[in-house]
Structure formats: structure tokens, C-alpha cells
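I opened a structure that was new to me. My notes follow.

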Amino acid sequence: MSEKSVWVVDDDASIAWVLEKALSKQGYDVKMFNGVRSILAALKTAKPDLVISDIKMPGVDGLKLLELLNENFPMIPVIIMTAYSDLETTISSYKKGAFEYLSKPFDINDALALVARALPVEEIAESTPKRATRPRDNESEPTDDIKTNPEIALGHSAPMQAVFKLIGRIAQSSLNTIILGESGTGKALIARAVHDSSPRKDQPFVTLNTASMPIDSLESELFGYEVGAFKGALGQKIGRLEQANGGTLFLNEVADMSAELQANVVRVLSEKCFYRLGGQTQIDIDIRIIATSSHDLEQRVQSGAFRLDLFHRLNIFNIHLPSLSERLDDLPALLDHFLKRAAETLKLEVKTLSDSAQTLLMNYAWPGNVRELDNLCQRLTVMSASHVIKPEDLGAEFTNIALKTGAGESHQWQREFERRINALLIAGNQDVSRALQNQVDEIMIQSALKHTGGHKQKAAKALGWGRNTLTRKMHDLDL
């Protein structure tokens, strides 16, 4: 098998150096370029097997390079990398043909695995030429004017970056999707983002909240009805299915639908047509359904509360939104956004948080997620006497956190730690320091990895270690 060539485009010398060393060690023929113009000149005389390009570079950016490569060399897979990852950029990368999107900082082993996956298998490439990038449909490809909601855009944490990537992958499809997550995580916003980045973006986006509507009314709301279909049906009503024809039907909290209505929805998805209540005329429809649930749908299927056939018809794509407590890296930016928005809406001065108040908010569990955060910022904007929000302005639930994390609890864990040391000494342990240090390291590593969503580089940084230190300690502790 011939040596594969990988071209790297990045004006960051440190990143370029790391990639060059790592890729060369794996046996790839690596060429480095510090800008788009230089790689375009090189493409006149040679072609690589793979291109890895940064987005933010002086002059012509990486997205323009991606567009040019996809138009002129569609057989060359392109991996896009950037430290400035947001939903709009991620979707644009996939739309313009990126094989994959790599967020900086990245684990070099993950990057190498991605390179191996992106490179075409030689035997297949020689016998059956195959496009490495995603297929394009110029007639249905949406434009680049994605209007990203700020609450979504402010998602630089690892869990939200994973959500962005998933939305980017499904952006060009019209397949049904389920969005799962706790109440208040922003499922409706993500549903709208999926629609707005899809080929149906110029068609209707129709919402039906099954949780807030009486069960008896849901069927008529969904299917509509003719005059005289039932007592009180004095005129014709166009249902949500018909309203959404050609576009997207958003079924919010789909788990709350009755068994009978679930069966009717399965029939619609199977036959792609329906009748209004009391009607005789078949109505053909072409819709995409995006459904949400704050419940565990698979568990509901197992208990018989949700139809398996409906679950499989909706669950072609699955997006799981993290809770706010799982994406605390986004909290400062979200706080700033909501406080500014509250001040603008209420026509009051913009309030800012003291460091001690923000620390308390970072330690809060956020059971109500982003919705709770929004409500808190509105309350603080009205109730805080000063333009600087102090801990005492936050409320009882946050005051309790202060008590729990104060000196009393600090002494409690210290006393427990002292008892642990005494127990090891009494047991005759000759290396108490190492035994305790290993236990502490294990707890810190597991907590940091959970906080960063498994991102080792960020976990190491949070702990104040180098990446190699984290790797060595994980190896020593057999983690």
C-alpha cells in the first residue's frame, strides 16, 4: 500500500508542529501550509489524499478553501478544525463538504483516529471511485443565513460541541429526529435550529405541544376536521399535519400522546396521507417530524407506554441535550447574555455578578436548566438594589449552597480525611502518602473527566496538569 499524503493548513505554528510530528510518526507523507493561497498553488502540481485545515486564518479562510476543494477536487476528504466552534460554523462546514469537524484543543490520538477513518481504502479507491465528502444537492441546499439563537450559540462546552456536530451531520436530511433532554434544556430551540439548517427551512415549522393540550383535543388539532365531524364542529379546521405539509411538524413532549393517537401517527408516517376528522378526501403530505421528550422514551417503550413502531419511525436521528449542570463551562456567557437581555426587555440597567455570586451559581445544581437561569436573571435584574449582584441577592436556595460549602462543611471533610489517615497509620501502612495520593488523584481525574465530557486535554488543564501527566496517572491508576 502506497504512502498516504496528508496536507495540513494552519497558521498556528504550534498546532502545525504537533500534527506534523504525529502524522509523520504514523507513516504519512505530510506537507505543511500556513495559508490557503499556498495550498492552492501546490494543488496545481500535486494532489493529497487528505487535507486538514483550520478555519480562522489571515486572508482566505478555511471555509472558502473547503468550498473550493469540494467543487474542484471532490474526491479529497477535508477535516476542518477550529477553536472558534459555534453552531453556524459547524453546519456551514458540513454543508460545504467537510468529512468531519475537529474542535481545538483536541486529543492527538482522536485526531489520528479521525485521519485513519477519513483516508479512503486504497483497494476500493482504485477499483470504485467514491466521493469522500458528503453529497450535495444544489437544488435543495439551504443558504448560509442560519439565524442561530444566542442560547444555542453560547455553547462552547464539550457536550454542546457534540450537539453542534450532530446537527451539522443531519442538516442536509429531511429524516425524522427525536430530541431528548431534561425540561428547560432548550429542546425547542434545537428543533428550530435543525429545521432552519435543513432543505425545508423555507417551508412551515408547525408546533404541537402534546403536554399542554387536553387529550381529547389533540386528535382534532393534529388532523383537523370537517363541519359536523363532532358536536361543536361548526366549521372546517385545518390541522397541524396539513399546516406543516412540505415542512416540519414539531411534536413537543411526544411521550404524552395517548396510545390511540400514537397509532394514528404511525399510520400517517407509514402511508404519508390522512383524512380530516369526518372527512372523505385523502390528504397527501410530505413532512419531517421532530419530536422531543423529557422522559426516557426507551424505558417508556419497555413499559408499554409508548409504541415501539412509532419510536423507531421517529428515532432515525437522536439528539441528547446535556443539562445545564453538565455544561457549566457555558454558564458565564449564558449569565451575561440573559442579564443583558433582561435589562433590555425590562428597560433597566444591566446588572453584573460579583465573583462570589458567580461562584455560588457555578456550584448550583440547576434542576430547571437554562429556563431556570433565564428566570433567575430576570428576577435579579428587578430585585437587586445595586448594579452588582451579591450572594445575598440570589435567594434561599443559593444561600443554602453557601452554608454547605462554607467553613462547617470544610471542617467536616477535613475531619473525615484525618480519620482516614489515622486508620491507615493504625493498620501499619508504611506509605500513607502514596495510598492517599492515589485515591485523591483518582477522584480528581474522574471528576474532571466527567466535568469536561471525557475531554482529556481540558481535564488536564482544569486540574493544573499537563496532558502527559494526566495520561501517566491514568495509566498508573489503571483508569
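I count two strands as paired if DSSP finds at least two bridges between them. Helices (H or I, at least four residues) and strands (E, at least two) are DSSP runs, numbered from the N terminus.

I noted that this is a predicted model, where local features need pLDDT of at least 70, side-chain atom pairs count only at pLDDT 80 or more, and totals for chains, interfaces and linings use all residues. Residues are numbered from 1 along each chain as its sequence is written, and side-chain values use heavy atoms, with hydrogens and water left out.

**Entry one: the sheet with β4**

I looked up β4 (residues 78-82) and found it paired with β5 in the parallel sense, over four bridges. Ile80 stands opposite Tyr101 in β5.

I then traced the open sheet: five strands, in the order β2-β1-β3-β4-β5, with parallel pairing. β2 (29-33) and β5 (100-103) are its edges, each pairing on one side only.

Helix α1 (residues 13-25) packs on this sheet and touches β1, β2, β3 and β4 (contact means heavy atoms within 4.5 Å). The direction of α1 makes about 170° with that of β2. Axes are lines fitted to C-alpha atoms, for helices over the stretch in contact, and angles run from 0 to 180 degrees between N-to-C directions.

**Entry two: the sheet with β6**

Which strands form the open sheet that includes β6? I read the order β7-β10-β13-β6-β14, again five strands with parallel pairing. The edge strands are β7 (205-209) and β14 (317-320).

β6 (residues 177-180) pairs with β14 over four bridges. Leu180 stands opposite His320 in β14.

Helix α8 (residues 158-170) lies across β6, β13 and β14, at about 160° to β14.
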